[in-house]
Amino acid sequence: MAESGVLPTRAILCEVREVTHEFTLPNGRPLRVLENISLTIHSGEVVALLGPSGCGKSTLLRILAGLIRPTHGLTLYHDQALQGLNPGAAIVFQSFALYPWLTVRENVRVVLTAAGLAARAAEEKAERAIRRVGLSGFEGTYPRELSGGMKQRVGMARALSVDPEILFLDEPFSQVDALTAESLRAEIIDLWAAAHGHPASVLMVSHDIAEVVYMADRIVILGANPGCVRTIVENHLPRPRDYRSPEFLHLVDRLHDIITGHELPDQPPPVEPGSITYEPLPPVESAEIVGLLEYLDARRGKEELFRIASDTHREFGHVLNIVEAAELLNFVDTPRRMVVLDTEGQNFLKATPEARKAIWCEQLLKLRLFREAQAILQKEPDHTLDRDHVLEMIVLHMPQENYETIFRTLVRWARFGNLFNYDEATERLMLPLESTP
Amino acid sequence: MADLPAWRIIWEETKARFARVRLLGWPDVLIMVALGGLLAGVLDLGQEWTGPHRPGADIELSPWALLHYTFYSLARGMLAYAISLGFTLVYGYWAASDRRAERILIPLLDILQSIPVLGFLPGVLLALESLFPSSNLGVELASVVMIFTGQAWNMTFSFYHSLRTIPTDQLEVATIFRFSWWQRLKWVQLPFATLGLVWNSMMSMAGGWFFLMISESFRLGDEDFRLPGIGSYMSVAVEQGRVDAMLWALGAMVLMIVALDQLLWRPVVVWAQKFRVEEGGSVAEMESWFLTWLRRAQLVRALRRWWRHRLLRRGNGPRTALLTPRANPAPPRTEGTSFVGLLGLLLLLGLLSYGCWQLVVLLQDVTLAEWGETALAAGGTLGRVLLSTALGTLWALPAGLAVGLSPRLSRLLQPVIQVLASFPAPMLFPLLIAALRWGGISLNWGSILLMLLGTQWYILFNVIAGAMAIPADLREAATGYRLSRWQRFRVLYLPAVFPYLVTGWVTAAGGAWNASIVAEYVTFKGEALQAWGLGAQINQAAEHARFPLLAASVLVMAVVVVAFNRLVWRRFYHLAEQRFSLSK
């Protein structure tokens, strides 16, 4: 029986095989966003793609939907290679993507007309889809008059109206308030369970761990830079799921461990003063790093990673970046999923603003990128360094990284410690005045 | 029942019928009258246009004849606008959807924009005259095309720009739900572009009227062309020094502009509000008395009912659709060029190379001395353009700030300024020339004022828009810290409106270049006054049918304008975006 859990062999609906995808950066260089990804979606399951920002999960969703053709690899639908769009897919967008000049009814009706339905049939079907998501009475309103949650209901009605075989949800609740999101999650599961094959499967993209444990049968954990499948976790919890049941909490915990284990290994490669590797700089502000240290200090020097994320209302991927950055600068340590303030971090917090800058610079100069830049700046007669020169250094040593982002972070961190300055107009780095010999 | 006269029976029956269908009400009667008038007008126009070839019409200076002329001018303007709209839709769509064509079409548009009206005149006129040798149609169409060249370009740029800035997710919806290109155009692209297109249409109409006088009465070689219209009326009035007729013409022009604003643009702007993209309903609701009134008409209501009914009925055909599984229709996005696109591109390239070849042949007759003279004249006009832009900034910046920062003032003055700005400045030139002569100022300097008259509005409009967009918190901070008026100007107002000011400068300078051909060469009471500059040279070359010199002058002007845009204005834009953008 189908209710008894996941059957071992189920028809494969949709699949990617060894997919690698590259974007072309403005200067023509390729940036690899996905690497060697293989993934199958079976009939009758809810699959979630979970990962930090920059892991290419939305790109993967668009590849499966046929909106993007991958640079390498194959996309299959019912065992047939996709030529163009996935014929069974409909997408619910993060930004709702409703047409502001069409009413709720028209927004749904146009996709049915585009699908070739005659006007009266489209009208009736749109009406039914709108009723299905609980929006009857709002048919004649324009999207700008609706709340975020109601807009997303229109997005759902639009997607469901074409009877898709797979429903793609691209971070559907991240722009909806928390309580509304809660009810939408339950409703989507109900709709899917009652749908008799339309949709048969749901593929969602998310960065919220509790959300995917609540919704998904299989959770695909992606790593970033470039995006790759770290592991796939099966979720056999019976529905309806209870957020506070021990099994639920246990699975959330397990996912926490898997993610921190991958993203913050307990033995990070030691950063020595003479290290030869270039360290990619996580794209965070210096103020966020200092904020993390202050936060930890106010909690006796340690806190759990996911607790930090929920306390600060930040996406855990971003909190992860902040923690990585702090670890890179030797301010914190990360045993398992705890974040612990180091002695260096404590010294930093105790120091006066001036002394803080000194400690900050000292830590920056342990990173090779800053050291090299500093060396060149001191050697040059006018103590300036062209932006393009630095970009080339980054591209040469960290070809996988987005050099623009790294450069921006470099400038921000360096400015904070007054290590060097940057002139936007001339696009040159320079030593600050007082330190020029 | 008996003995009722026949007319009475008919009368009663008619009354009963009207009562049944409820076709009563003033709006309906007026709409019928207007439609009838329009029909009569079109018939009249047809007669005039297909009438025997008569390039130099005799213009009567009676106010009654002016009514007639106003209608003719209006018809030319509207026809030119219709052509502009068609051109915009095709050209903009093509440029936005075909990467390869885009690389030619957009720079070409930039060049077309910098060519003054008279630069198009000889080619267009000769071609159309030879096409319709025996009727007025050729000359009339040439006039329409000249008005068109004053209207089309900025609309096209706006449409192209809109198409290129549609949010990705909205396009993805169209792709994933398999909109055909037509559905994509009518549900996504056109709605997204409508608002920008409407504003630019209003500007374009004003741009078209600007050259009305020159588009309706011009001299090419020894032939004098004069078409019945307000522009010709005005030039005849000026020639004969009839002040009363000049005033009548000015009045008619104002009346036409106000009527167009109230009966056409206002309703369209109000209607277009439904295509607003930004969220939130805080934007003040716009109103149009005419649109409200029109919507009350039974006739319009019946039409709308019929249309909705037709849409639904059309759907009852036997078409059915299987949604899943479905075969793949069109691929998501055609990256390459379609066959039609390629053909069009080849045709365009052929035309362009032919045009270039013709130009080269023509330019061989230009002597070195003439080239030198042209370059010098270009320098003179450049100086005037910059001076007029600077002068415009001097008064429009403070005035624009004053209006834009005060909600009361902007509500009161915006409509007035709009009408003032759409008024074609060249029609005021004769009055100004009289004043200049009285003051003993030569046209060399006076033409700067004439240019200013036409282009100051662009600066004013943009500054007003910029001032209105200054966030309230920044203004509150300035008040809270007791910044003096001068400090406030330097620290807040000037930087905040700078991006808008740059836009104003670019448009004003472009307008001033075009205006130079009417500002540097003026006929007043039968006597030709001219300044030393490129505009005067173009005007003279056209009048004496010296086509090689005309081509050289137009070419130099286009080169200077495009180069100046690239080298100077673009830097200002960059600066504005980098340092003074409030959106970052």
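This is a predicted model: local features need pLDDT of at least 70, side-chain atom pairs count only at pLDDT 80 or more; totals for chains, interfaces and linings use all residues.

Reader: Into which domains is chain A divided, and how far apart do the C-alpha centres of domain 1 of chain A and domain 2 of chain A lie?

Author: The assignment for chain A gives domain 1, residues 8-260, and domain 2, residues 286-434. Between the C-alpha centres of domain 1 of chain A and domain 2 of chain A, the distance is 36 Å.

Reader: Which element gives the most to the side of domain 1 of chain A that touches domain 2 of chain A?

Author: The contact involves 11 residues of domain 1 of chain A and 13 residues of domain 2 of chain A. On the domain 1 side, two or more residues come from each of strand 2 (30-42) and helix 7 (246-263) of chain A. The most, 3 residues, is given by helix 7 of chain A.

Reader: How many residues of domain 2 of chain B are in contact with domain 3 of chain B?

Author: In chain B, domain 2 covers 50-277 + 287-300 and domain 3 covers 358-584. Their C-alpha centres lie 21 Å apart. Domain 3 of chain B contributes 33 residues to the contact, and the number from domain 2 of chain B is 33.

Reader: What is the class make-up of the side of domain 2 of chain B that touches domain 3 of chain B?

Author: Among the elements on this side of domain 2 of chain B are helix 4 (99-113) and strand 1 (217-220) of chain B. Helix 11 of chain B supplies the largest share, 8 residues. By class, this side of domain 2 of chain B has 4 charged, 5 polar and 24 nonpolar residues.

Methods: Residues are numbered from 1 along each chain as its sequence is written. Chains are lettered from A and ligands numbered from 1 in the order in which they are written. Domain bounds come from an automatic or database domain assignment. Two residues are in contact if their C-beta atoms, placed from the backbone, lie within 7 Å. Helices (H or I, at least four residues) and strands (E, at least two) are DSSP runs, numbered from the N terminus. Ala, Val, Leu, Ile, Met, Phe, Trp, Tyr, Cys and Pro count as nonpolar, Asp, Glu, Lys and Arg as charged, and the others, Gly among them, as polar.
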